[in-house]
Every structure is written in C-alpha cells, then in structure tokens.
Amino acid sequence: ALPSRQATNCRDIPVVNVSGQVLNHNTASVVSDHEACAQLAASYFLDRGFSRFCFISNLNSEFGKLLGPAFLARCQSHGGQATNRVSAIGEERNLGAWLAEQARPLAIFTDSDRQASSVLEACHLSGIKVPEEISVLGVGNQTHLCELCTPALSSIDCDLEARGYQAAALLFRLMSGELTSDNPVRIAPTGVITRRSTDAYLVDDDVVSKAMRYMAENSRNTINVNDIAAHVNVARRTIERRFRAAFG
C-alpha cells in the first residue's frame, strides 16, 4: 500500500483519476464498475434471446481487460457461445471481414462507444445488417456520438454525473490531508439506453418480431392489442396465437 495518496505526481499535488479507460494504480481513482456493466450487458442480450456473443475491445484498453472476461463469463454461464476480439480503431475492413465469417445472429458488446462505432462501420463495409444480423452495444453513452452513428448506437449509461460528484468529494478529502484507500471507487451504471443498433428480438416469427418492435417504440403511448394487430396486418386471434407459440 502506498504511504500516501495525496502526492503522486511530479508537482506533488492531489490527483484523482476519472478516466473510464485507464486505471492508474498510482493515484486515487473513480471509475465505472466493470463487473456491474458486464452483468448488465449480458442480461440485456440474454433477455433478447441471443445465444452467440462477442466482446470487442481496443488493444490498450485497461477497462476492456476487466470488462470483457466478466461479460463473456456471464454469457457462457447461461449456455451462450462467447468469443473475444481485439480490434484497433481504423482496422474496420479487417474486422468486417472477420465478422462476415461469424455465425449469426450475434450480440456484440464493446469497451467504449468509440469502439462500438468502429464495429458499426465494419458491419457497413461488409454488408452486415444491424441489428437484424448483428446487434451492437457500447458503454459510456456519449450521446452525440451514439446518435450520429448509423444506425444509432445503444449504450450503457455509466452515470458520469455520479462519477464527477464522487471524484470531487474524494479530491476534497485529499486536499484536506486525508489518506484514502488504494482501491478505486467504482460507480454502478444506471441502465442501457436502447437505440436502433440493438432494436431486435430473436424470435423465429417475423410478425411477432415486428409487433415487439412496435410495442417498444410506442411504450409511452396508449396502445392495445388491436393497434398492434393492425400494425402487423393480421387478425387479433392470429397475433395472440403466434405470441403464445413464441413465448408460451
């Protein structure tokens, strides 16, 4: 253990690391809870019916080195086929060629929104449909980046506001001369922000899949079974029978 966490840089001043991608063991840190993020991502995809999973990260991502194994372990514990891939930003053509060889449908979780945007570009270059063939989930919920992606990127909200408050409180304690724990403060995610890149449910019936997407898009509106049946252009009894067959 370090004798003091107050003075750990060349200027001999208190420092708090808040980077989500780098865990600096020589300074006090407030970072995302990788275990909670991994569990959330795995549950999200499992609930949507996926059985094939992949974690894609950048080569030098310290966060990815923690996030990936936890995500893949959770998927495998539920009987899923899980694999890992390292891909540098800018190598989208190579990644796209590799993705084209993978069995689909495939759920992909990445170590950052930037990495996820690279996966979306790789899918585009290889003619892979997102989310119908591959669903892509990032982490960090950088809103502007997520909404500029094509299709719009789903992402885990890591609660950056809470990270900022905790970092400020920790810095105040350091400036007051208090020693802190060697262990980083980990901030739990608030949830998944669903956008188009994961807007798919794996059911064999196209009518049921279309109906589920319609319900998700209109979850804040007053809709009923007749509205759903009209949207998918089948009789009410038919859609009830198909839902029963798909979900019991």
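At what angle do helix H3 (residues 92–100) and helix H4 (residues 113–125) pack?

The model is predicted: local features need pLDDT of at least 70, side-chain atom pairs count only at pLDDT 80 or more, and totals for chains, interfaces and linings use all residues. Residues are numbered from 1 along each chain as its sequence is written, and side-chain values use heavy atoms, with hydrogens and water left out.

**View 1. Packing of helices H3 and H4.** The angle between H3 and H4 is about 65 degrees, and their axes are 8 Å apart. Axes are lines fitted to C-alpha atoms, for helices over the stretch in contact, and angles run from 0 to 180 degrees between N-to-C directions. H3 and H4 are therefore roughly perpendicular to each other (angles under 35 degrees count as roughly parallel, over 145 as roughly antiparallel, 65 to 115 as roughly perpendicular and the rest as oblique). Helices (H or I, at least four residues) and strands (E, at least two) are DSSP runs, numbered from the N terminus.

**View 2. The open sheet E1-E2-E8.** In this open sheet, 3 strands pair in parallel, in the order E1-E2-E8 (two strands pair if DSSP finds at least two bridges between them). Strand E1 (16–17) and strand E8 (185–187) are at the edges with a single partner strand each, so one side of each has no neighbour in the sheet. Strand E2 (residues 28–32) is joined to E8 by 3 bridges. Valine 31 has arginine 186 in E8 as its bridge partner.

**View 3. Phenylalanine pairs.** The whole structure contains 6 aromatic pairs (rings of Phe, Tyr and Trp, the last by its six-membered ring, with centres within 6.5 Å; planes under 30 degrees apart count as stacked, over 60 as edge-to-face and the rest as tilted). Phenylalanine 45 and phenylalanine 50 form an edge-to-face pair, 5.5 Å centre to centre with 75 degrees between the planes. Both phenylalanine 45 and phenylalanine 50 are buried (under 20% relative accessible area; exposed is over 50% and partly exposed in between, with a 1.4 Å probe and protein chains only). The ring centres of phenylalanine 55 and phenylalanine 71 lie 6.4 Å apart with planes at 45 degrees, so this pair is tilted. Phenylalanine 55 is in strand E3 (residues 52–57) and phenylalanine 71 in helix H2 (residues 62–77), so the pair ties together parts that are 16 residues apart in sequence. Phenylalanine 55 is buried at 1% relative accessibility, and phenylalanine 71 is buried at 0%. Ring pairs link Phe53, Phe55, Phe71 and Phe109 into a cluster.

**View 4. Salt bridges of aspartate 199.** The structure holds 8 salt bridges (a side-chain nitrogen of Lys or Arg within 4 Å of a carboxyl oxygen of Asp or Glu). Aspartate 199 forms a salt bridge with arginine 196 (3.5 Å, N to O) and another with arginine 213 (3.5 Å, N to O). Glu132, Arg196, Asp199 and Arg213 are linked in a network of salt bridges.
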